[in-house]
Amino acid sequence: LGSEDVVRVPCKERPTVSVGSLVRLKGQLSKADAAPYAGQVLAIEEAAPGADGGAPFVVTMRQGRAYLVTSRGRLSVRTGSVVQKGDLLGTEDLVVPRTADIVQGLPRIEKLFEASGSSLQMRLDDLWEEARRHHNDLEAAVIARRQLQQELVADIQSSYGEQGVGINSKHIEVVVLKMTQKCEILEGVGSFPPGSLVDYNQLEAICALAPTGDVRARPVIKGITDVGRQNHVLTSMGFRELDNVVAAAVLDGSGQHTMTGVKENLMVGKPISVGSGASVPFAAGKNSRGIDLE
């Protein structure tokens, strides 16, 4: 036991602990004094006049450190055991809650991610109508979509912050981007009848098919569960229960899931069909492979 392990603690009142007592950090030494360290009481004595800051009593402690183990944990030592640095004192079982998705248990955030009700769609429509005053339908849809994305990300971040949870905005932005990736065709054009939902990256091609070069469409927002149903089975696994997604794909989905998208190929470490090296970009070619779930 070295001198650096022993401390003298002046007490203003008579100590309520006894020699051998184990004291936690901030534990009571007397009615008016708390322990500045965790440890064991080695001695209790009256202070000499004028010593130890004028306190009438002094408690000598051996410094220690308190390690708390819950009632679910298992202790590997007992009172009086001699342990060395690195010895196992006890173990705790890690309890991992099983949730159905990334937002379960937080009603406000779940409502936002699932786009429950009609408030988000109404807000998106209001932004679209405002943008239509100075732009055509498609340009207004893109502008309204961008504004809603910014508002939704800020709202979700605020809701998480109120719960004391910090999340990098880029993760939320990825989900919000998927929720707002489609628009609704209002007037049929080409092979798309009214009411069709198409990706924004298809808008340019649709405009080229329109005789006037203009297409009537409005922005829409979908909840992450709806988005998952419309995407590749691997993409759905990214934010939903894996076993449920696989079971649904086997029982209800198609037998073949063609690996033509960017996300699913990245998830399995395969080359993606983009860039100058893509032989058939964004289309299923003769070399395309699928996942057979039958």
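Four strands form an open, antiparallel sheet in the order β1-β4-β3-β2; strands are DSSP runs of E with at least two residues, helices are runs of H or I with at least four, and both are numbered from the N terminus. Two strands count as paired if DSSP finds at least two bridges between them. The model is predicted: local features need pLDDT of at least 70, side-chain atom pairs count only at pLDDT 80 or more, and totals for chains, interfaces and linings use all residues. Residues are numbered from 1 along each chain as its sequence is written, and side-chain values use heavy atoms, without hydrogens and water.

- Strands β3 (residues 38–46) and β4 (residues 57–64) run antiparallel and are joined by eight bridges.
- Ile 44 is opposite Val 59 in β4.

**Helix pair**
- The axes of α3 (residues 137–162) and α4 (residues 169–179) come within 10 Å and cross at roughly 135 degrees; axes are lines fitted to C-alpha atoms, for helices over the stretch in contact, and angles run from 0 to 180 degrees between N-to-C directions.
- Residues of α3, including Leu 152 and Ile 156, meet residues of α4, including Ile 172 and Val 176, where contact means heavy atoms within 4.5 Å.

**Positive phi**
- Lys 26, not a glycine, has a positive phi of about 70 degrees and lies in the loop between β2 and β3.
- Lys 26 is exposed at 61% relative accessible area, whereas Ala 115 is buried at 16% (buried is under 20%, exposed over 50%, partly exposed in between; 1.4 Å probe, protein chains only).
- Ala 115, also not a glycine, has a positive phi of about 50 degrees and lies in the loop between α1 (107–113) and α2 (119–131).
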